[in-house]
Amino acid sequence: MSGKCEIKEVLGLAARLAAGGVFIYAGFLKASAPAEEFAYAIESYRVLPAALTLPAALAVPWLELYLGVFLTAGIFIRQSAFCVIAMLLGFEGLLLQALVRGLPVTSCGCFGASGSNSLGHEFVQNLAFLALAALALKYGGKFSLDSLIDAHE
Amino acid sequence: MPERNTARKIFIALLLVFAATLTTLLCRQFSVGPARSSPAFRAFGPETAKIRIYEYTDFACPHCRLTDAHVNKMLELYKGSVRLDFKHYPLTSIHPWSFTAAAYADCAGGQGKFREYADLLFEGQEQWARSKDKPREFTEYARRLKLDMPALEKCAEDPVTLRRIRLDSAEGDLRGVDATPTFFINGKRAVGANQLLEQVKKFDNLLKQN
């Protein structure tokens, strides 16, 4: 029984680090590039009004970066994992509507300008990230700052 | 006790936010982040070259015109060892036609004549740069190079073309470019011809090292 539990915890830790790492990577790439670049990617989804694309492009990368850092460090794991899942669901919604509408999205904007796969590929990839975030939410408490602080009574 | 733990967590979270922000901003400042490649028509030299240069230039800037000859010589001399990505950085507040010039140059590039068109823009800079109305030179140069005029005119107003130039400019802002021409040579900044030539002097050693 305890062996099973350990495997879950190890998987949860790995998932937490992987999901956090992906968010740090995606956030850093976009935050260190011109916001206009990501804004153009957002525009191509034709969901937000033009006036909101630049503010969104300025805010989202930093949010991704901070959530990634929180998840990796294991602080506020539940809240961070919830936010990561919510963001990923939002991205999935954007990708899906672009796929359904047949929009000519040449760069998904997922990882800045460092190349982009097809929308379908990105959709499936995000499903994998969603699974990682869910695992992190459920079993990602091992070796976290949360557990360290909570143990320090 | 739970309140105390929450306060501790908030404090650590704020520290992490501060550290992440500072690291990212420093990476921006020192150009550690990835740089976008220029379109193929204004990227010169092999992608695998040991010396990678990003050049931010304004066609209406006199220093850029003077430096252009050095850049061409350098590319000739270090052919195969240098990769140069040409980036637009039109200083529109002082050069009202430099953005349009960049658009025409890119569209000439789309027809395979970027370098030739850029050379003509630099040569004739004094004629067109201070023009009050849209300079006739832009179409004259295109005719001289036997470019497809209707396609060129259409392309010069195409949002995709304009967007590409704006992105170059925004990228330059992010890397702290505030004068033209500015070069990033393997990450090291050089502003103007003299600083470029100082860096070029080190190329032989750099190539020997690697």
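Good morning, colleagues. I shall begin with the confidence of the prediction. The predictor assigns the complex an ipTM of 0.88 and a pTM of 0.72. For chain B, the mean pLDDT is 90, and 97% of the residues reach 70 or more. Within that chain, helix α3 (residues 98-110) of chain B has the highest confidence, at a mean of 96, whereas helix α10 (residues 203-209) of chain B has the lowest, at 84.

Let me turn to chain A. Six helices and zero strands make up its secondary structure, so the pattern along the sequence reads α-α-α-α-α-α. The C-alpha trace of chain A spans about 50 × 25 × 25 Å along its principal axes. Of its 153 residues, 45% count as buried. Among contacts in chain A with a separation of 6 or more, 76% join residues 24 or more positions apart.

Which residues touch the most other members of the largest nonpolar core? That core has 46 residues, and the residues in question are A:Ala19, A:Phe23, A:Phe70, A:Leu71, A:Val84, A:Ala133 and A:Ala136. At least two core residues come from each of α1 (2-31), α2 (35-43), α3 (50-73), α4 (77-101) and α5 (119-139) of chain A. In general terms, nonpolar side chains tend to be buried together in soluble globular proteins.

Leaving out residues up to four places away in sequence, A:Ala136 touches A:Gly12, A:Ala15, A:Arg16, A:Ala19, A:Leu71, A:Ile77 and A:Ala81. A:Ala136 is also one of the buried residues of α5(A), a list that includes A:Glu122, A:Asn126, A:Phe129 and A:Ala133.

Why is A:Gly21 classed as partly exposed? The reason is that 14 other C-beta atoms lie within 10 Å, and the class covers counts between the exposed limit of 12 or fewer and the buried limit of 20 or more. Beyond its neighbours within four places in sequence, A:Gly21 is in contact with A:Gly68 and A:Thr72. A:Gly21 and A:Leu65 are 44 residues apart in sequence, yet their C-alpha atoms are 9.1 Å apart in space.

I now move to chain B. Chain B contains 10 helices and five strands, and its C-alpha trace spans about 80 × 45 × 25 Å along the principal axes. The domain assignment divides chain B into domain 1 (1-30) and domain 2 (40-209), with C-alpha centres 41 Å apart. Buried residues account for 38% of the 210 residues in chain B. For contacts in chain B with a separation of 6 or more, the share between residues 24 or more positions apart is 78%.

Finally, the interface. Chain A contributes 24 residues to the contact and chain B contributes 21 residues. On the side of chain A that touches chain B, the elements giving two or more residues are α1, α2, α3 and α6 (145-151) of chain A. The most comes from α3(A), with five residues. How many residues on this side of chain A are nonpolar, polar and charged? The division is 16 nonpolar, three polar and five charged.

Thank you for your attention.

Conventions
Residues are numbered from 1 along each chain as its sequence is written. Chains are lettered from A and ligands numbered from 1 in the order in which they are written. Domain bounds come from an automatic or database domain assignment. A nonpolar core is a set of buried Ala, Val, Leu, Ile, Met, Phe, Trp, Tyr and Cys residues joined through C-beta atoms within 7 Å. Helices (H or I, at least four residues) and strands (E, at least two) are DSSP runs, numbered from the N terminus. Two residues are in contact if their C-beta atoms, placed from the backbone, lie within 7 Å. pLDDT is the predictor's confidence in each residue, from 0 to 100. Ala, Val, Leu, Ile, Met, Phe, Trp, Tyr, Cys and Pro count as nonpolar, Asp, Glu, Lys and Arg as charged, and the others, Gly among them, as polar.
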